[in-house]
Structures are given as C-alpha cells and as structure tokens.
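Hi,

Here's the structure I said I'd pass along.

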Amino acid sequence: AKKKGENTFSVYEENLEKEIKNSLSLKEKLANLLKEKKFVLYGQPYFSTSNKEISGIEVLLRIRENEKVESIATVIDFLENSGLILKIEDFLFEEIKKIGTKTKIPLSINLSAKSFLSSEIFSKLAELRRALNYPFICEITERLFLEREALEIIKKIKELDIKIAIDDFGTGYSSLFYIENLPIDIIKIDYSFIRRMLDEPKALAIVQTIIDLAKKLGIKTVAEGVENEEQFRILRLLMCDFVQGYYLSEPVPIEDLIKDR
Ligand code: C2E
Ligand code: CA
Ligand code: CA
Ligand code: CA
C-alpha cells in the first residue's frame, strides 16, 4: 500500500506532467501555425500631427486561424520563453524584405529582449537593412534590458544605420537614463498616459513634459493609442510629432497599406 506522502507526490507529479504536456502541445500548435503560414503581418500607420499624412507603418504580427485574426499579445511571453520567437522573427524578416521593396514608407518592427540573447540578430538586422534601401526602425521596450546591456545593443543597431524607437515610453524605470545616454531617434509615449490625459491633469503634465524634453534632445515623439479627436487636438497643441491609434487607423493587413504607395 502507498503511504500518504507518496500519493500526494504522485498527484503533484501528474499535474506537472499535464502542465508540461499542455505547454508542449501549445508549442507544437504554434510551430505548426508558423509552418502553415498562419502568422500574418498587419500594419498600423502613424501620422504626422501637422498634416495627418502617413509617416511610418508599425508591423504587428497576428495569427489567422479559421477566418479569425488574433493578436499575439496573449502568447508573446510563451513565444519568447519557448524560443519560438526566433523562428517567427526569421519569418517576419523574410516577409518584410518582400514588402519593404514595394514601399518608401519607413517600417517599424517590434523586437523582444530574447532576440538579443544571440548576437546573430545583428547580422540578421544588417541583412534586412541591406535588402531595404532606406532606414527602418526597431521598437524596443526599456523594461526589457539592463541599462548597460541596452547601451551596447542600441549602439550596435545604430551602427547598422537603423533607427531606434523606445516603445511604451514612461512605463519602465530608466526612461531618463535612456534618453540621456542612448542614441534614441523616437519615443513612443505609452498608451496609458494618452488614455488618461484628458481626465487627469497629472497624466497631461507628464505627456507635455515628455514631448518638451524630447524636443530639446532632438528626439521625435509618437503618441500611442490615440482614439479620438479631442486627444488628437491636444497632442497637436502640445506639438507631439506623430500620432498612432484607432482614431486615424486601426491595424490592417499590411498589403492594404502599401498598395499604390
Ligand atoms: P505594442 O508594440 O505596444 O503595440 C501596440 C498595440 O496597441 C497593438 O496591439 C495595437 O493593435 C494596439 N493599438 C493600436 N492603437 C490602439 C488604440 O487606439 N487603442 C487601443 N486600445 N489599442 C491600440 P497588438 O497588435 O495586440 O500587439 C500587442 C503587443 O504584441 C505589441 O504591443 C507588441 O509588444 C507585441 N507584438 C506585436 N507584434 C510583434 C512582433 O512582430 N514581434 C514582437 N516581438 N512583438 C510583437
Ligand atoms: Ca510597438
Ligand atoms: Ca507600445
Ligand atoms: Ca505595449
């Protein structure tokens, strides 16, 4: 007969096994989706605040399965931790090479911290830069790196003649370190400040201060998540350079954006 302790252990073991199986099958499922080309590129433009012209397009990955198109937001952590993100990035880069030759609008791509675990990323970025004949932009989040790490990584990217945007600006701990010490081209002011700025004077003050500071440092600003006319008008008054969000355009299949441009 089993002792009580062993029983408890085996239940625990069973659960663990289930968990491992589930995550294995999620990995298989996502790997299959990639093989079957179910990952698709969407694009969301950002616009010049002064004339509402498209100034750039951010590439956003989506999963298309059975007529449904879904964000990768819920699986991004899993993709990173399982290492799948590297394969997906190879796919992404190949697709961008095809698209990038058809448009002169600068493209922005999101990179994750995991991308930089191997220095291969720099040769991949260099290759992408050679394939496109104009600069593109890498969006990285300040939360992802230690300060010293970030310094080295960003310097190397800049050496490839690629621009850097800090994504979700203001949500990490090193915002001021970043803009003082790193060759940043663009700041993307996080959606959380934009969303609150009409109701909360403090959020508005922060947005205004980020824009003014960026201007003094020669860095361009993009406001994320601009959903209505009122937000747009304030951002124009504050002289934010670019706006992005549902007010002017949701993300759409990227082919729709680069047709005839
Ligand atoms: P992010 O880079 O901060 O992307 C902005 C997200 O905000 C996108 O969600 C976009 O659809 C959404 N958005 C845009 N305008 C508005 C608005 O006006 N209101 C609201 N509520 N939302 C808006 P999405 O596409 O679900 O992407 C989520 C996150 O997944 C991205 O956040 C990014 O971190 C990550 N991601 C997406 N594509 C890639 C990729 O190719 N590589 C990597 N590493 N990460 C990616
Ligand atoms: Ca982004
Ligand atoms: Ca963002
Ligand atoms: Ca985000």
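Predicted model: local features only at pLDDT ≥ 70, side-chain atom pairs only at ≥ 80, totals over all residues.

Residues are numbered from 1 along each chain as its sequence is written, chains are lettered from A and ligands numbered from 1 in the order in which they are written, and side-chain values use heavy atoms, with hydrogens and water left out.

**Ligand 1**

Ligand 1 sits in the largest pocket. (A pocket is an open set of points on a 1 Å grid over the protein atoms alone where a 1.4 Å probe fits, with protein on both sides within 12 Å along at least five of seven lines; "sits in" means more than half of the molecule's atoms lie within 2 Å of its grid points.) The elements giving two or more residues to the shell are β2 (54-65) and β6 (163-169), and β2 has the largest share, with four residues. Strands here are DSSP E runs of at least two residues, numbered from the N terminus.

In total, 22 residues surround the ligand, and the closest are Arg62, Ser71, Tyr191, Glu227 and Tyr246; the test is a heavy atom within 4 Å. By class, the shell has ten nonpolar, six polar and six charged residues, with Gly counted as polar.

For polar contacts (N or O pairs within 3.5 Å), the Arg62 side chain is 2.5 Å from a ligand oxygen. Asn110 has a polar side-chain atom 3.1 Å from an oxygen of ligand 1, and the Gln44 side chain has an N or O atom 3.0 Å from a ligand nitrogen. Taken alone, ligand 1 exposes 800 Å², and the protein buries 80% of that (Shrake-Rupley, 1.4 Å probe).

**The calcium ions**

Donors are N, O and S atoms within 2.8 Å of the metal, or 3.2 Å for Na, K and Ca; water is not among the atoms, so sites may look incomplete.

The calcium ion (ligand 2) is coordinated by Glu58 (OE), Asn110 (OD1), Glu139 (OE) and Asp167 (OD), at 2.2 to 2.3 Å. Along the chain, those donors follow E-x51-N-x28-E-x27-D. Asn110 is in strand β4 (residues 107-110) and Glu139 in strand β5 (residues 137-141), 29 residues apart.

Asp167 bridges the two calcium ions, which lie 4.0 Å apart.

Notes:
Polar contact = N/O pair within 3.5 Å; in protein donor to acceptor, adjacent residues only side chain to side chain. 1 Å grid on protein atoms, 1.4 Å probe; cavity = no way out; pocket = protein on both sides within 12 Å on 5 of 7 lines; lining within 4 Å.
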